[in-house]
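Let's walk through this structure together, starting with its rings and moving on to its charges. Have the coordinates open as you read.

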Amino acid sequence: MAFEPRQTSYRGRIVTHAARIFPKLETWLETEREQVALWAPVGLGAGIIAWFLLLNPAQWLAFCCFALGVAALGALSPGSGRLRHILIAGAVLAAIGCLLIWGKAALLGQPPLARATFVDMTARVQSVRAVPAQDMVRAMLRPLDAPALPTMVRVNIPVEDVPDGLGKGAVIRFRTRLMPPAPPAVPGAYDFAARAYFQGIGATGKALKPITVLEPTREAPPLRARLFAHILEQVEGPAEGIAVALATGDQGAISEADAEAMRRSGLAHLLSISGLHVTALIGATIFLLMRVMAISRRAALDLPLMLIAAGGGALVGIGYTWLTGAEVPTVRSCIAALLVLGGLALGRDAITLRLVATGALIVLLLWPESLVGPSFQMSFAAVTAIVALAEHRRFRAFAAAREEHWLRKCARALAVTLATGLVVELVLMPIALFHFHKAGLLGAFANLIAIPLTTFVVMPLEVLALLFDLAGLGAPFWWMTGHALDLLLALAHGVAASPLATLLAPAMRPGLFGMVIAGLLWCLLWRTRWRWLGLPPVVVGVALVLSAPSPDLLVTGDGRHVAIRSGGGMAILRDRAGDYVRDTLSESAGYEGDLSAIADLPTARCSTDLCALNATDAAGRAWRLLMTRSDMLIERPVFEQACAQSDIVISDRRLPRWCRPRWLRIDRWLLARTGGLSISLAQGEVHTVHRPGDEHPWIATPQPRKRRPSRQL
């Protein structure tokens, strides 16, 4: 008893257990030594995520200090095992990630406009992008002689109002109502404000005619714009939008109906220039170069044909990435393709998870803000799942080429494709539920037809059409391309029409999403049987999301639009709301169907100015809601009594202090601080878009203008 560890010593028991656990942990890490480096992007990403989740500079600095403290503690600890090195490297990478995104936000971001305002603007055009599906042109402008405005604004111009001479470098004058980039309308909706901040957009608006061109453009349209217009002229019907997207990456010509069908059917990845398109183009280039060079006997015998063909494929891949706008999936695919070509040139197997990790590190170093977007997450998750499956010894043995009957060979290829599609769908499901509140269920089966059709029919035909257009002979190939794309759209609409096409869920909490992603990474990046320890968090997280109750009440950030659950459906306050508002409210609530009008509900009593509704929550409790639906003033005696009889009052105006509902008053002042609201009545939970004390630079919270008190609303 005089010497440690004592039997009654708590510290002694901890030391004893640690002495047993750490050697086993070191042995396991030694077994997984080839996989440890794959966690480097995860460490860097942890710091980036911390910057987005934490609220203000004090917390960001505290996180960096904590991470460096952990690294210092690891450096001072005895021993030299892998766990110690992982601890040091992970903590340092987390601090680097936080400082990286913090520095980019401080140096390169564009603060938003403080409040909406009407201005007479004179601006120089930085770029022009046509959006035929919405009958408008989108222009990026730099205001001149207007120091109060952001340095870059985005303005939509209707097609019929586009003046002659509009293009890069032109100077135009017009009147517009500029607004800050829109934050999420309700919790879980798309955050355009954060994306616009890193894109350098400080305000958005719509140009009002007349639009005067003071200096016409002197530059020819860029190659991407000319290719966009050329393809639109060659292909007719709905297929034109898909053809343009495959060649340029610009989805502005795709109708909303076709885009939604592609999303519901799990084929939306075909519209984003990514690994499928880059690989097909580079592979075709290498094939053609090898065949052309092999014609020469001297070249075939004396020159390194594969090295030359790989160099040509690399140049084509880089050019295609630049042409299509260098979006994150395209850059990731191009980097991966270049690494593969380098590995092939060196005679090594380059299709590994190390390649994926290298691509992720490069993208995070250049565009750290992309980590929180669906494009980065879905792109790298899909590729990681495919490579991890391909590296599994049993799957590799099953998929390996062998001498067998052609029917069995086709069946094996079909089974491999289906298994790969199912794994990708399962991995992408939580990401799709978090960002879009819906996930495809039939995408693996639709891709069995869509991917071969796109890779071996559509893209070769489109490339041939563009090449033969140089001689004016591309019309037959465009005709065949259009019919092939019509078949692709018919497949998308047919799958999307199935009631089993999508799985809906309400907005997922970030903490739950983080738990699911951590479990997926644990399953995908390790190789031993301990990898399956990541499966329970994934299963539990997805089950909690699917079983979570949908919100009973949604209020947009401007207070104008209210959606409430009633019976088996949902109803909206202003029945003239546009499709964007309706889709946002439906998706955030995990509801698929038409939104009826609150005024048509049997428990509602609505006038031109007010709407009173009796609702019942899941627990059977009755709630009385009162909502304003016009800008007309209401006499105080009438409105004060209605407020006192209501549990919740909602208005897009400032409500006077004498309006005192029994539980919650939602007005312009409250929404300016909270943003949109999501309310679960049975649980009494209120979720907000903005968090108290959030000081991220894209959040604009203007204070409503004060006005004199009135006896009327």
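Two rings of Phe, Tyr or Trp, the last taken by its six-membered ring, count as a pair if their centres lie within 6.5 Å. In this predicted model, that rule gives 19 aromatic pairs. One cluster to pick out is built from ring pairs that link Trp51, Phe52, Trp60, Trp102, Tyr197, Phe198 and Trp698.

Rings also meet charges here. Arginine 412 sits over the face of phenylalanine 398, 4.9 Å from the ring centre, and arginine 531 lies over the face of tryptophan 532 at 5.4 Å from the ring centre.

Now to the salt bridges, of which there are 18. Take lysine 438 and glutamate 260, whose closest N and O atoms are 3.0 Å apart. Lysine 438 belongs to strand β6 and glutamate 260 to helix α9, so their bridge ties together parts that are 178 residues apart in sequence.

Next, aspartate 652 bridges to arginine 574, with 3.9 Å between the closest N and O atoms. Because aspartate 652 is in the loop between β15 and β16 and arginine 574 in the loop between β10 and α22, this pair ties together parts 78 residues apart in sequence. Aspartate 652 is buried at a relative accessible area of 12%, and arginine 574 is buried with a value of 12%.

Finally, look at aspartate 647 and arginine 662, a salt bridge with its closest N and O atoms 3.0 Å apart. Here aspartate 647 is buried, at 7% relative accessibility, whereas arginine 662 is exposed, at 52%.

Methods. Residues numbered from 1 in each chain as written. Predicted model: local features only at pLDDT ≥ 70, side-chain atom pairs only at ≥ 80, totals over all residues. Heavy atoms only, no water. Phe/Tyr/Trp six-rings, centres within 6.5 Å; stacked < 30°, edge-to-face > 60°. Lys NZ or Arg CZ within 6 Å of the ring centre and 35° of its normal. Salt bridge = Lys/Arg side-chain N within 4 Å of Asp/Glu carboxyl O. Helix = DSSP H or I, 4+ residues; strand = E, 2+ residues; numbered from the N terminus. Buried < 20%, exposed > 50% of the residue type's maximum accessible area, 1.4 Å probe, protein only.
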